[in-house]
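Biologist: I'd like to go through the charged pairs in this one. Can you take me through them?
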Amino acid sequence: MKNSMKILIMVLVLLAIPIVILAQTEEPKEKVITINAQQFSYTPGTVEVNRGDRVTIRLISTDVHHGLYIDGYEVSTDARPGQDGSLTFVANNTGKFVMRCSVTCGPFHPYMIGYLKVKPDYRLFGSIWLAVGIFIGSILLVIRRQKP
């Protein structure tokens, strides 16, 4: 009986460690990101946000008319030198999305791309992990009690 309780406590402690680590993910927040566009690149080339963040992208063109379209979110804006563009959306889809220039800006326009990375909310995975662990621990406890 005492061994069963010790095992159950050890299982729960081992399951709680990843939960504590994963629970330290950030809450959704407002993120304002400035992207500079010039022929034929975006700076920064990759933008990372967390799932649930409300993202505002400010597009600044340093040379000619440029656009910014984000695949998967279907949002776009454009900017000319001296006229910034802006777009706002909630990052509710996880994954890596292509940001591409939506205004023909020169001969290498098709190669002007960047990336939006939306990281998942690990708290969900932590909760699932904990529930599965408790379920398995309970089954082990019941099996051990049934043995003579």
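**Charged pairs and one aspartate**

Modeller: I'll start with R58, which is partly exposed, with a relative accessible area of 37%. Keep in mind that this is a predicted model.

Biologist: What does R58 meet in a salt bridge?

Modeller: The side chain of D84, at 2.7 Å from N to O. R58 lies in strand 4 and D84 in the loop between strand 6 (75-79) and strand 7 (85-90), so the pair ties together parts 26 residues apart in sequence.

Biologist: Is D84 buried, exposed or partly exposed?

Modeller: D84 is partly exposed, at a relative accessible area of 40%.

Biologist: How many salt bridges are there in the whole structure?

Modeller: A search of the whole structure gives five. One of them joins R54 and E30, whose closest N and O atoms are 3.5 Å apart. That pair links distant parts of the chain, with R54 in strand 4 (residues 54-61) and E30 in strand 1 (residues 30-38), 24 residues apart.

Biologist: And how accessible are R54 and E30?

Modeller: R54 counts as partly exposed because its relative accessibility is 40%. E30 has 52% relative accessibility and counts as exposed, the cut-off for that being over 50%.

Biologist: Which residue does K31 pair with?

Modeller: K31 forms a salt bridge with D53, and the closest N and O atoms are 3.7 Å apart. K31 lies in strand 1, while D53 sits in the loop between strand 3 (46-50) and strand 4, so this pair ties together parts that are 22 residues apart in sequence.

Biologist: Is D53 buried or exposed?

Modeller: D53 counts as buried, because its relative accessibility is 0%.

Biologist: Changing topic. Where is D63?

Modeller: In the loop between strand 4 and strand 5 (66-70). D63 is partly exposed, with a relative accessible area of 31%.

Biologist: What is D63 in contact with, leaving aside neighbours within four places in sequence?

Modeller: A37, Q38, Q39 and P81. For A37, 26 residues away along the chain, the separation between its C-alpha atom and that of D63 is 7.9 Å.

Biologist: Which backbone nitrogen lies 2.7 Å from a polar atom of the D63 side chain?

Modeller: The backbone nitrogen of Q39. The D63 side chain also has a polar contact of 2.8 Å with the side chain of H66.

Terms used
Residues numbered from 1 in each chain as written. Predicted model: local features only at pLDDT ≥ 70, side-chain atom pairs only at ≥ 80, totals over all residues. Heavy atoms only, no water. Salt bridge = Lys/Arg side-chain N within 4 Å of Asp/Glu carboxyl O. Helix = DSSP H or I, 4+ residues; strand = E, 2+ residues; numbered from the N terminus. Buried < 20%, exposed > 50% of the residue type's maximum accessible area, 1.4 Å probe, protein only. Contact = heavy atoms within 4.5 Å. Polar contact = N/O pair within 3.5 Å; in protein donor to acceptor, adjacent residues only side chain to side chain.
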